[in-house]
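Subject: The model, and some notes on it

Hi,

Here is the structure I said I would pass on. Have a look at it first, then read on for my notes.

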Amino acid sequence: RFKAVIFDLDGVITDTAHYHYLAWKQLAESQGVHFDHAFNENLKGIDRMGSLDLILASSSRTYTPEEKLALADAKNLHYQELIATMSSKDLLPGAVEALDTVRRAGLRIGLASVSKNAFTVLERLGITDKFDYVVDAAIIARGKPDPEIFLKAARELGVAPADCLGVEDAVAGVASIKSAGMFALGIGHPFVLTEADVVITSLKEFNLAAY
Ligand code: G6P
Ligand code: MG
């Protein structure tokens, strides 16, 4: 019944969510801000500056825009070091199979990640050519939970939002899919992804015919 499937990247196709966690944790602690997995959950799917603002909100001091940019750059450099050795071994179980299932079913395939490192990560994973369209995060004005990025992907794929299945591991990402008017497949836990239409544990359970 769908004409396109639009995937998130971090935490859905590959576990870069862990690398983001490590890089943000170091940055937060360098500013005297406590950082743990529970807090990190709020950052999933949130763009770089938005994530930094959430972290610095717990700091006792204020930051100039220049200081914020420097901190965001430092985090990104650390993150890029962490992803430098990634390869196809870092694909999450079921990810390639899910992409190939969608392809065989004749549907269009998009990628909607707010990460400015998404193109690099796709290259490292060796799956760039599996996508018909990858949104360039640099042209997106409003990050998730705003629907802009999923709507942009649908438009470029030439498919109406109602005919799209969106796949997300983040609360903000599921909200973005739902406000775009799409069917939301959550990857994670139903207690966390309460807005998703269906939640599965990983793409190993992906079953296109069931949604
Ligand atoms: C994804 C991740 C976020 C990350 C964001 C921006 O949405 O889930 O944790 O902050 O991308 O990534 P970037 O690579 O541009 O810093
Ligand atoms: Mg994600």
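A quick word on conventions. This is a predicted model, so local features are given only at pLDDT of at least 70 and side-chain atom pairs only at pLDDT 80 or more, while totals for chains, interfaces and linings use all residues. Residues are numbered from 1 along each chain as its sequence is written, and chains are lettered from A and ligands numbered from 1 in the order in which they are written.

**The sheet**

Helices (H or I, at least four residues) and strands (E, at least two) are DSSP runs, numbered from the N terminus. I call two strands paired if DSSP finds at least two bridges between them. On that basis there is an open sheet of six strands in the order β3-β2-β1-β4-β5-β6, with parallel pairing. β3 and β6 (198-200) are the edge strands, each pairing on one side only.

Going through the pairs:

- β1 (residues 4-7) runs parallel to β2 (residues 108-111), with four bridges between them; Ile6 sits opposite Gly110 of β2.
- β1 also pairs in the parallel sense with β4 (residues 164-168), again over four bridges, and here Ala4 faces Cys164.
- β2 and β3 run parallel and are joined by two bridges, with Leu111 and Val134 as bridge partners.
- β4 and β5 make a parallel pair over four bridges; Leu165 is opposite Phe183 in β5.

For burial I count C-beta atoms placed from the backbone: a residue is buried if 20 or more others lie within 10 Å of its own, exposed if 12 or fewer, and partly exposed in between. β1 is covered on both faces, with Ala4 and Ile6 buried on one side and Val5 and Phe7 on the other. What about β5 (residues 183-187): how many of its residues are buried? Five of the five are, so β5 is largely enclosed by the rest of the structure. Phe183, Leu185 and Ile187 point one way from the strand, and Ala184 and Gly186 the other way.

**The cores**

A nonpolar core here is a set of buried Ala, Val, Leu, Ile, Met, Phe, Trp, Tyr and Cys residues joined through C-beta atoms within 7 Å. The largest one has 48 residues, and Val5, Ile6, Phe150 and Ala154 have the most contacts inside it. α7 (148-157) gives the most to this core, with six residues. Apart from it lies another core, of eleven residues, including Trp24, Ala28, Ile46 and Tyr79.

Contacts are pairs of residues with C-beta atoms, placed from the backbone, within 7 Å. Leaving out residues up to four places away in sequence, Ala154 touches Ala4, Ile6, Val159, Ala160, Pro161 and Cys164.

**Helices**

In α6 (residues 118-125), the buried residues are Ala118, Val121, Leu122 and Leu125. Seen down the axis of α6 they fall within an arc of 100 degrees (the arc of the directions from the helix axis to the C-beta atoms), so they line one face of the helix. Their cover includes α1 (16-30), α4 (65-83), β2 and β3. Gly126, which follows α6, has a positive phi, near 75 degrees.

α3 (residues 48-56) has Arg48, Ser51, Leu52 and Ile55 buried. Down the axis of α3 the buried residues also fall within an arc of 100 degrees, so they line one face of the helix. α1, α2 (37-43) and α4 are among the elements that cover them.

Thr16 is in α1. It counts as buried because it has 25 C-beta neighbours inside 10 Å. Setting aside neighbours within four places in sequence, Thr16 is in contact with Asp10, Ile83 and Val121. Thr16 and Ile83 are 67 residues apart along the chain, yet their C-alpha atoms are separated by 7.6 Å.

**A cis proline**

The Lys144 to Pro145 peptide bond is cis, with omega near 15 degrees. Pro145 lies in the loop between β3 (133-134) and α7.

**The ligand**

A residue is near the ligand if its C-beta atom, placed from the backbone, lies within 6 Å of it. There are 17 residues around ligand 1, and Asp10, Arg48, Ser115, Lys116 and Asn117 come nearest. By class, that shell has five nonpolar, seven polar and five charged residues. Ala, Val, Leu, Ile, Met, Phe, Trp, Tyr, Cys and Pro count as nonpolar, Asp, Glu, Lys and Arg as charged, and the others, Gly among them, as polar.

Cheers

Technical notes: Contact = placed C-beta atoms within 7 Å.
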